[in-house]
Amino acid sequence: MRFKAIVVVGNKKGKVGLGTGKASEVQAAVRKAALCAKRHMIRIPIVKGTIPHAVELKFKAAKIRLLPACEGTGIIAGGALRVILDQAGVKNVLSKRFGARNKLVNAQAAMLALKALRPVAGSIMEE
């Protein structure tokens with residue numbers, strides 16, 4: 001019997017990573033996933049607490065749409081997408097998920113959608 005872990009790490013200032021790990025013990029799987037997530041961190045642009053522009057992406061069976069939102073909206077997302085956006089430091093965003101209900105596929109689609117964001121004037125891209 002083996003365990004698979006999916007881990008999201010972020011600094012809440014524009015950097016977020018997703019990793020998976022598999023091992024015969026839960027702790028070992030989580031440790032591997034965390035190491036993988038730290039290795040695969042990406043930077044995303046944040047403008048006034050939201051994303052700079054709308055993005056729509058299809059990955060496998062998942063389709064994700066992210067829209068910028070005004071101050072006070074909060075993170076309107078569910079499941080893996082909410083965790084990833086929170087760890088990235090996005091405060092206000094609207095989202096819609098179509099298709100897949102698989103957490104890993106939705107998380108991977110969310111990471112690709114965030115990677116597709118392009119910085120604009122006034123965006124924060126921290127080291």
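**Ground rules.** I am working from a predicted model, in which local features need pLDDT of at least 70 and side-chain atom pairs count only at pLDDT 80 or more, while totals for chains, interfaces and linings use all residues. Residues are numbered from 1 along each chain as its sequence is written, and side-chain values use heavy atoms, with hydrogens and water left out.

**Sheet.** I took helices (H or I, at least four residues) and strands (E, at least two) as DSSP runs numbered from the N terminus, and I counted two strands as paired if DSSP finds at least two bridges between them. On that basis I found an open sheet of four strands in the order S4-S5-S7-S6, with mixed pairing. Its edge strands are S4 (55-59) and S6 (75-76), each of which pairs on one side only.

I then followed S4 into S5, where five bridges join the two strands in an antiparallel run. Phe59 has Ala62 in S5 as its bridge partner, and Lys58 stands opposite Lys63 in S5. Two residues lie between the strands of this hairpin, and Lys60 takes a positive phi near 55° there.

Next I looked at S5 (residues 62-68) and S7, which pair in the antiparallel sense over seven bridges. Leu67 has Leu94 in S7 as its bridge partner, and Arg65 stands opposite Lys96 in S7.

**Ser95.** I placed this residue in strand S7 (residues 93-99). For polar contacts I used pairs of N or O atoms within 3.5 Å; within protein, one must be able to donate a hydrogen and the other to accept it, and residues adjacent in sequence count only if both atoms are side-chain atoms. A polar atom of the Ser95 side chain lies 2.7 Å from the backbone oxygen of Ile76. Taking contact as heavy atoms within 4.5 Å, I found that Ser95 touches Arg65, Leu66, Ile76, Ala77 and Leu81, not counting residues up to four places away in sequence.

**Rings.** I let a charge sit over a ring if NZ of Lys or CZ of Arg is within 6 Å of the ring centre and within 35 degrees of the ring normal. Lys63 lies over the face of Phe98, at 5.9 Å from the ring centre.

**Helix H3.** At 1.5 Å a residue, the 13 residues of H3 (residues 103-115) should span 18 Å, and this agrees with the 18 Å between its end C-alpha atoms. At the start of H3, a side-chain oxygen of Asn102 reaches to within 2.9 Å of the backbone nitrogen of Leu104. With buried meaning under 20% relative accessible area, exposed over 50% and partly exposed in between (1.4 Å probe, protein chains only), the buried residues of H3 include Leu104, Val105, Met111 and Leu114.

**Val120.** This residue lies in the segment after H3, and I noted it as partly exposed because its relative accessibility is 39%. Its C-alpha atom is separated by 6.6 Å from that of Pro52, 68 residues apart along the chain. Leaving aside neighbours within four places in sequence, Val120 is in contact with Val47 and Pro52.

Technical notes:
The expected span of a helix is 1.5 Å times one less than its number of residues.
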